[in-house]
Amino acid sequence: MMRYSLKHFFCSLFLFFCVNLFFYAETFRVHKTHTAAMQNQTDVVELQLGVNDALALVLPKDKEFLKGIEFEITIPQVAVYYRGAIVWSLYNKVTPLPAEDVIDYNADKVYQDIFPGTLSYNFKVPIIENHNLESSPYTVLLPKLYTKEADLMFMRFQLAMKGSSADLYNALFTVQVKPVLFDEGLFVLDLQYPESNTLDNNESFLEGASVIYIDGEAVGEVQKGESVKPIRLSTGTHHLSIISDFYRNEVRTFTIDQAGTSNVFVKLRDVTPFITISAPSSSKVYLDDNELLLDNTELYVRPGEHTIRFIIGDYELIKSFTVENGKSYTLGVTMDVDILEEK
């Protein structure tokens, strides 16, 4: 036991000083290549590797919110006992293209370390410069070894010393790979414009800009016919306001999920005021002496003074009102029933 411990100590010490110091193009053979693909930037994959196996992790094409990859490795008990017997390495520029039926590779080694004498080992690999990630007592933060344009991460396990037991050769490491994401999502605004001014058919009237506010802060201005660029926002609930002199103001509430896309559709309405009539079906209704059909549809009118007249049987009600741009009005007839009680 003492002999192994000394051997183990000096081997571990040598590997410690070698970590991050000697990296070069290397030709090597693995026992088996395991492949896993993150189809989306929120995917989590899990698989088991032996002591001389390799993992080829295909990264998602869309990395909009991805700032790194986290590896959570469960170490078998026998590997904890033979501390320093297993070296793990990360590679770049791997050839040929990794596949499960390929065992011989040439690649640039970019990182190497040994597993600690614990039952788990976690580390994060950032893929951007300003990632704001930090090490913790439970997770090691590696340098930026890959770029955001990288398609593949390649990890290799390697037996570093002879004289290990057969149990170590047969040991399996559980590797769980998780994305490290920004706490943000994407906001996509889809605006639909009215074809023309309702009354005047004046296209120029509808070509003014609309200002977009999110949580009370102006984030952009859009002209008719322009699309709104997607906006990255923090996760949670947000408030949208669209303010314009040419369209009715619109207000919406929406939620942003982490690494998700929130699509908000807004159909803009021009500022021409409109009225809605509510009256018994037997009524006759006149607006400015023009008889109206009671079909419960919106009736667009010009701003200014108007007169509404209801004729119900032998009764006639007349009232004047003023309408303003950007507002809507409901005109209705109310009838009361009076009940008198006598003793």
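**Figure 1. Q176 and its side-chain partners in the predicted model.** A polar contact of 2.9 Å joins the side chain of Q176 to that of E46. The side chain of Q176 also makes a polar contact of 3.5 Å with the side chain of K178. Q176 belongs to strand β11, which covers residues 173-181. Beyond the four places on either side of it in sequence, Q176 touches V44, V45, E46, E70, F71 and E72.

Figure 2. S165 sits in the loop that runs between β10 (152-159) and α3 (166-169). Once neighbours within four places in sequence are set aside, S165 is in contact with V78 and Y82. Y82 is 83 residues away from S165 along the chain, yet their C-alpha atoms are separated by 9.0 Å.

**Figure 3. The largest cavity.** How many cavities of 30 Å³ or more are there? The count is 1. The volume of the largest cavity is about 40 Å³. Its lining consists of I75, A79, Y82, R83, G84, A85, I86, F115, P116 and F173. By class, the lining has 8 nonpolar residues, 1 polar and 1 charged.

**Figure 4. The largest pocket.** This pocket has a volume of about 260 Å³. The elements that each give two or more residues to its lining are β4, β6 (86-95) and β10. With 4 residues, β6 gives the most. Of the 15 lining residues, those nearest the centre of the pocket are L97, P98, D151, L152 and M153. The lining divides into 10 nonpolar, 3 polar and 2 charged residues.

**Figure 5. The second largest pocket.** The space in this pocket comes to about 190 Å³. Two or more lining residues come from each of β23 (304-312), β24 (315-323) and β25 (328-332). β24 gives the most, with 5 residues. The residues that line the pocket are I308, F310, L317, I318, K319, S320, F321, T330, L331, G332, V333 and T334. Among them, 7 are nonpolar, 4 are polar and 1 is charged.

**Figure 6. Confidence along the chain.** The mean pLDDT of the protein is 87, and 88% of the residues score at least 70. Which elements have the lowest and the highest confidence? Helix α1 (residues 2-18) is lowest, with a mean of 46, and strand β4 (residues 53-58) is highest, at 98. Over residues 1-21, pLDDT stays under 50, and the model has 23 contacts beyond four places in sequence for this stretch. Residues 201-206 also stay under 50, with 16 such contacts. Where pLDDT is low, the predicted coordinates should not be read in detail.

**Figure 7. The protein as a setting for the close-ups.** The protein has 343 residues, and 44% of them are buried. Its secondary structure consists of 3 helices and 25 strands. Of the contacts between residues at least 6 apart in sequence, 66% join residues at least 24 apart.

Definitions and conventions
Residues numbered from 1 in each chain as written. Predicted model: local features only at pLDDT ≥ 70, side-chain atom pairs only at ≥ 80, totals over all residues. Heavy atoms only, no water. pLDDT = per-residue confidence, 0-100. Contact = heavy atoms within 4.5 Å. 1 Å grid on protein atoms, 1.4 Å probe; cavity = no way out; pocket = protein on both sides within 12 Å on 5 of 7 lines; lining within 4 Å. Points joined across faces, edges and corners; volume = space filled by probe spheres on them. Nonpolar A, V, L, I, M, F, W, Y, C, P; charged D, E, K, R; others polar. Polar contact = N/O pair within 3.5 Å; in protein donor to acceptor, adjacent residues only side chain to side chain. Buried < 20%, exposed > 50% of the residue type's maximum accessible area, 1.4 Å probe, protein only.
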